[in-house]
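Open the model in your viewer and switch to a cartoon view. This tour moves from one selection to the next and says what is found at each stop.

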Amino acid sequence: MESTAHTEAIKARIDSERVPQHVAIIMDGNGRWAEQHGEPRISGHMNGVTGVREALTGASEIGVRWLTLYAFSTENWNRPQAEVSALLRSSVRLRAIGDVESLPENCRQTLEDAMARTAGNTRITLTLALSYSARWEITRMAQRMAADAKAGTLNPAAVDEQAVAERLATAGMPDPELLIRTSGEQRISNFLLWQIAYAELWFTPVLWPDFRKEHLFQAVLDYQGRERRFGKTSQQVTTR
Ligand code: IPE
Ligand code: IPE
Ligand code: MG
């Protein structure tokens, strides 16, 4: 995973004071990558691990504190059984959001072992969204809210944004400032709908197995060149 001069040059232009603390990525294009290489789809998922490694090391190098990767969606359960198994095997570590209970037992065990082993690490939190979808998460939040109201521990009139956020799977995590999607698709596919309310979006035609640190650095650099207005006027944002 050596860095080329080109990668280092992009990295050097990043303002270390304004690195997003949370980057979320919709990793897409494994199947097309495999097709281009004349290999079965599963080979694309195996090679996607390179993209994960690159994104993780790159993010850690520039000081990103939270990295959330969309690894497997609720809708991905509809893919052929063999592909589902392969996708779940090639997953990585630390934290998970999603309907983890529905994962195969061995997969859940591996995940829990990895989370327990890495629980003390503090440099970067890698969160895998597994059997995750934003609508699943929001529906579950509503169930929790209703149950709390019924139990008398929550006053409906007191429900605010914080009450919502703390019942989502991402409770305690900052919202992503930057959302990346690979493979040229420009859609959200049911990922983090609440949390990306004001995220900057960055799309690239690069297929996920070809994703390298340079792409992450370029995304962060472009992010730093954008004006985040949060509903204000440009003038209000630039005059402090
Ligand atoms: C991303 O690659 C992996 C997951 C969605 C789980 P795809 O498998 O979606 O690849 P394409 O979109 O078919 O190329
Ligand atoms: C989105 O990719 C889900 C993940 C990256 C896990 P998909 O490839 O499943 O999304 P669609 O079907 O193209 O929207
Ligand atoms: Mg896809």
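This is a predicted model: local features need pLDDT of at least 70, side-chain atom pairs count only at pLDDT 80 or more; totals for chains, interfaces and linings use all residues.

Show the residues around Leu 67, leaving out its neighbours within four places in sequence: the contacts are His 22, Val 23, Ile 25, Ala 55, Leu 56, Ala 59, Ile 124, Thr 125, Leu 126 and Thr 127.

Next, look at the core to which Leu 67 belongs. The largest nonpolar core has 38 residues, and Ile 25, Leu 67 and Ile 180 touch the most other members. To see where the core comes from, colour the elements that give two or more residues to it: strands E1 (22–26), E2 (66–73), E4 (125–132) and E5 (178–181), and helices H3 (41–62), H5 (105–118) and H8 (213–224). The largest share, six residues, comes from H8.

Now select the strands. Six of them form an open sheet, in the order E3-E4-E2-E1-E5-E6, with parallel pairing. Strand E3 (95–97) and strand E6 (200–203) stand at the edges with a single partner strand each, so one side of each has no neighbour in the sheet. In general, the strands of a sheet pair through backbone hydrogen bonds.

Zoom in on E1. Is this strand buried or exposed? Five of its five residues are buried, so E1 is largely enclosed by the rest of the structure. His 22, Ala 24 and Ile 26 point one way from E1, while Val 23 and Ile 25 point the other way.

Stay on E1 and pick Val 23. E1 pairs with E2 over five bridges, in the parallel sense, and the bridge partner of Val 23 in E2 is Leu 67. E1 also runs parallel to E5, joined by four bridges; there the bridge partner of Val 23 is Leu 178.

Finish at ligand 2. The residues around it include Ile 26, Tyr 70, Ser 73, Asn 76, Arg 187 and Ser 189. Which distances can be checked here? A polar side-chain atom of Asp 28 lies 3.2 Å from an oxygen atom of ligand 2. For a side-chain N or O atom of Arg 79, the distance to a ligand 2 oxygen is 3.3 Å, and for one of Arg 181 it is 3.4 Å.

Note on methods:
Residues are numbered from 1 along each chain as its sequence is written. Chains are lettered from A and ligands numbered from 1 in the order in which they are written. Side-chain values use heavy atoms; hydrogens and water are left out. A nonpolar core is a set of buried Ala, Val, Leu, Ile, Met, Phe, Trp, Tyr and Cys residues joined through side-chain atoms within 4.5 Å. Buried means under 20% relative accessible area, exposed over 50%, partly exposed in between (1.4 Å probe, protein chains only). Contact means heavy atoms within 4.5 Å. Two strands pair if DSSP finds at least two bridges between them. A residue is near a molecule or strand if one of its heavy atoms lies within 4 Å of it. A polar contact is a pair of N or O atoms within 3.5 Å; within protein, one must be able to donate a hydrogen and the other to accept it, and residues adjacent in sequence count only if both atoms are side-chain atoms.
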